[in-house]
Amino acid sequence: ILPVAGAGSAAMPLWDFQGSTMVTSQYVRLTPDERSREGSIWNRVPCFLKDWELHVHFKIHGAGKKNLHGDGLALWYTQERLVPGPVFGSKDNFHGLAIFLDTYPNDEATERVFPYISAMVNNGSLTYDHSKDGRWTELAGCTADLRNQNHDTFLAVRYSRGRLTVMTDVEDKNEWKNCIDIAGVQLPTGYFFGASAGTGDLSDNHDIISMKLFQLMVEHPLEDESVDWTKIEPSVSLLKSPKDNVDDPTGNFRSGPLTGWKVFLLLLCALLGIIVCAVVGAVVFQKRQERNKRFY
């Protein structure tokens with residue numbers, strides 16, 4: 001569905017673009033390496049495929065070193081299109097799916113390594129929290145060294161039979177590496193694909209070189225034929241809430257990486273267990289000694 005054949009809007013008959021987006025014969029630059037810019041591209045044709053796979057050839061690069069760059073790029077499959085906003089240059093409280101390629105850690109307390117890729121499904125009721133890098137609404141994610149690479153970088157998003165898979169090819173190995181794999185995802189048909197990016201006090205060039213959509217030939221159960229796929233509400237059926245969130249009030253640990261204080265609690269429990277075992281062992285040993293003395 002991309003790449004572009006030449007410069008200018010006539011070269012993108014199925015695409016609209018806005019903001020700082022610049023179209024060239026080689027790439028679409030969503031933002032230049034300048035502060036306070038945002039841009040996006042959106043396909044004009046809604047997707048009515050139940051099962052699909054999107055391949056994105058992109059490049060994020062700039063003059064900023066270490067953490068002096070940002071903010072990142074987002075890929076969208078949403079009901080809304082061409083609506084600018086605070087989430088990497090696009091609308092918050094969206095309906096649909098977003099894949100974020102976040103290059104800057106806004107949360108100083110985070111233990112994540114950036115750049116960080118994450119997925120979010122929204123029915124319009126959730127807000128993306130930039131100050132926490134979207135931790136509260138993230139379904140899953142992974143670290144990927146995708147910035148300022150001298151080789152091509154790719155990302156694949158597959159949606160099939162309620163399963164969302166995100167894979168990367170950013171290590172110049174010409175092979176997909178699994179990043180996200182979530183079952184129980186419900187996405188309607190009739191939404192639009194898009195890409196957006198934003199810069200703030202820090203900046204980067206965010207380039208889309210190509211976006212290719214493939215139809216997956218997958219058999220569905222007979223009951224799926226009676227479903228109006230355009231009326232499905234975006235949702236995720238998780239046994240537990242999204243990873244990396246706050247621990248729930250019942251005291252259960254949510255699935256996800258162990259934070260520092262979780263490791264401390266686990267070590268404390270292990271230490272208490274060892275102490276209890278030592279005390280019980282000492283008491284049993286002492287009683288056996290006393291019993292043996294009575295027999296002498």
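**Burial, contacts and a nonpolar patch in a predicted model**

At 5% relative accessibility, S118 counts as buried, a class defined by under 20% relative accessible area, with exposed meaning over 50% and partly exposed in between (1.4 Å probe, protein chains only). The structure is a predicted model, in which local features need pLDDT of at least 70, side-chain atom pairs count only at pLDDT 80 or more, and totals for chains, interfaces and linings use all residues. Residues are numbered from 1 along each chain as its sequence is written, and side-chain values use heavy atoms, with hydrogens and water left out.

S118 belongs to strand β8, residues 116–123. Residues up to four places away in sequence aside, S118 touches A98, I99, F100, E138, A140, G141 and I180; contact denotes heavy atoms within 4.5 Å. Across the protein chain, 67% of the contacts with a separation of 6 or more link residues 24 or more positions apart.

The protein chain contains one helix and 16 strands, taken as DSSP runs numbered from the N terminus (helices H or I, at least four residues; strands E, at least two). Of its 296 residues, 47% are classed as buried. The accessible surface amounts to about 15,600 Å², with 56% contributed by carbon and sulfur atoms; areas were computed by the Shrake-Rupley method with a 1.4 Å probe, and for residues only the protein chains shown count as cover.

Helix α1 spans residues 260–294 and includes V283, which is partly exposed at a relative accessible area of 39%. Together with L268, L271, L272, I275 and V279, V283 forms a nonpolar surface patch of about 500 Å². Patch residues have over 30% relative accessible area and no salt bridge, with nonpolar side chains (Val, Leu, Ile, Met, Phe, Trp, Tyr) joined within 5 Å and like charges within 9 Å; a salt bridge is a side-chain nitrogen of Lys or Arg within 4 Å of a carboxyl oxygen of Asp or Glu.
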